[in-house]
Amino acid sequence: MTPTPILHGIALRVFCSSLCSSLCCLSALIAGCSDVGPRTGVVNSGGTASGSVYGMGGTPGSSGVQGLGGVQGLGGVQGLGGVQGLGGVQGSGGSPGSGGVQGSGGSPGLGGSQGLGGGALTQGGNAGAIGRLDPNAPPAINFDLRSWKLTVPDGSERSEAWLASGGQEPGVFFTDPISGGMVFRVPNIGGTTSGSSYSRSELREMLRAGNESVATQGITLNNWVFSSSSVASQNAAGGVDGTLTATLRVDHVSTSGDANKVGRVIVGQIHASNNEPCRLYYRKLPGNVRGAVYFAYEPNIGGEQFIELLGSRSDSANDPADGIGLNEAWSYVIDAHGNTLTVTIQRSGYADVVATKDMTDGGLADDWMYFKAGAYNQNNTGSDTDFAQVTFFAIKNTHD
C-alpha cells in the first residue's frame, strides 16, 4: 500500500514532534542523565555495536535511547503503507553519529537504500552507507546491475546490456514511483524456464558483465565456485565463495490456489549446475498478518533440507509472532565460504536471526554457482490474476 499525502503529512508532524523531544533527551544525556538504559546494538547507525543511541547519532558505548517518544526511528512510522523508520535519524549531512536526519519522507530502503546496492539493515553492527533512490530513474540508475540478467514471467530473458542500458518491463520489472525501489512482479499462471514449473521475475548473476565471449554455463569467468573446490576450478572461475546482501520488502503474495503452494515466493538463491544449495523463501498464509522466512538446502549428494528462520513453513502455520509483514522492510545475507552456508535475516529493532549449514558432504565442490534474486513465485495454481510482488532497495553480490 502506498502512503497517501494525508498520511505523509501526519507522519511529518509526528516526526517533527518526536525530533524536538529527542533533542531534549539527547541534551539530558550529554548533561549526565543516567536513568536511560543501555542499548546492546546499533540499528542503521555507522557506529559499532555497543550501546550507542538507537536512531540517533550517539557515541558508541554510551547509554542509548530506543524509540524516543515511543516511535521507532525517531518519528518514524512502522507499517504505515509499508514505511519503516520514516524520518529516522541517521546523520545525513554529516558522518554517522552526527545526529543529522536520514530518510525524512523515506526510510532505510524506502526513499533511500542501505548502501544503494550495498549494505543491509544491521542489528549489532555497521549499516551500509545511505544512498537515495530516484523514483523517476530506471533500476540500472539506482542499482549496479552490470553483472546481472533478468528472466521475466513468460520465460524469456533480458541481457546484461539491456539491464545496464536502463531496461524496464511494464508490470513485471520496473521502478516503484514512490520509493524508487526495484519491483519484481510475477503472476501465478505464467511461462516457465527449463527445469521449472513456476514463473519468475528474477535476476540471474552474470559475472562476465556483458562479455559474450565468456560461456554462460560451466566453470567459466561467468560463474563462481566454493573454496572447497580444486585450485584448477578456482583459477578458472569468475570468483571464489560468495555473499549476496539485499534489503527488500514483500508487497504481495498469492492468496489463491493449492494449500501447499499459496503465499510462497523465493527472494534469493544460490544456484548450482542442477541443484540449489540455498533457496530463501518468504511465505504468508492468507489468514495470517505476518509471514515466515526459511531456506532450503539442496545438495548434490543427499536429500533436500529445510531450515526455518522465522515462523513455520507449515501449510497450516499460525500467525508467527516473530514474522515479517507485507510492506515491511528487511534484509538478508546469504554467505557461502568453503563448506559453510550462512543465512542471516536482519530487521531494525530486532536481533539478527542466523542459521548455518555444513555443506562438507554435499558434493558441491567443483560445481559452478551463481546468485539469483527477485520474485520467484512458488504457486502455479489459483486465479490467473493472482501474483507475487517484491521490491528491492539494495542488492550487492561479492566474491573473493
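**Close-up 1. R158 and E169 pair up in a salt bridge.** In this predicted model, the closest N and O atoms of R158 and E169 are 2.7 Å apart. The pair ties together distant parts of the chain, eleven residues apart. R158 sits in strand β4 (residues 157-158), while E169 lies in the loop between α3 (160-164) and β5 (173-175). So is R158 buried or exposed? With a relative accessible area of 18%, R158 is buried, because buried means under 20%.

**Close-up 2. Here R146 meets D144.** Their side chains form a salt bridge, with 2.7 Å from N to O. Now look at how open each partner is. R146 has 55% relative accessibility, so R146 counts as exposed. D144 comes in at a relative accessible area of 42%, which means D144 is partly exposed.

**Close-up 3. R279 and E276 make a salt bridge.** The closest N and O atoms of this pair are 2.8 Å apart. How buried are the two partners?

**Close-up 4. Zooming out a bit from R279 and E276, we find a network.** Which residues are linked in this network of salt bridges? They are E276, R279, E298 and E304. And why might such pairs turn up at all? Side chains of opposite charge can pair when their charged atoms come close. Across the predicted model, the count comes to 13 salt bridges.

Methods
Residues are numbered from 1 along each chain as its sequence is written. This is a predicted model: local features need pLDDT of at least 70, side-chain atom pairs count only at pLDDT 80 or more; totals for chains, interfaces and linings use all residues. Side-chain values use heavy atoms; hydrogens and water are left out. A salt bridge is a side-chain nitrogen of Lys or Arg within 4 Å of a carboxyl oxygen of Asp or Glu. Buried means under 20% relative accessible area, exposed over 50%, partly exposed in between (1.4 Å probe, protein chains only). Helices (H or I, at least four residues) and strands (E, at least two) are DSSP runs, numbered from the N terminus.
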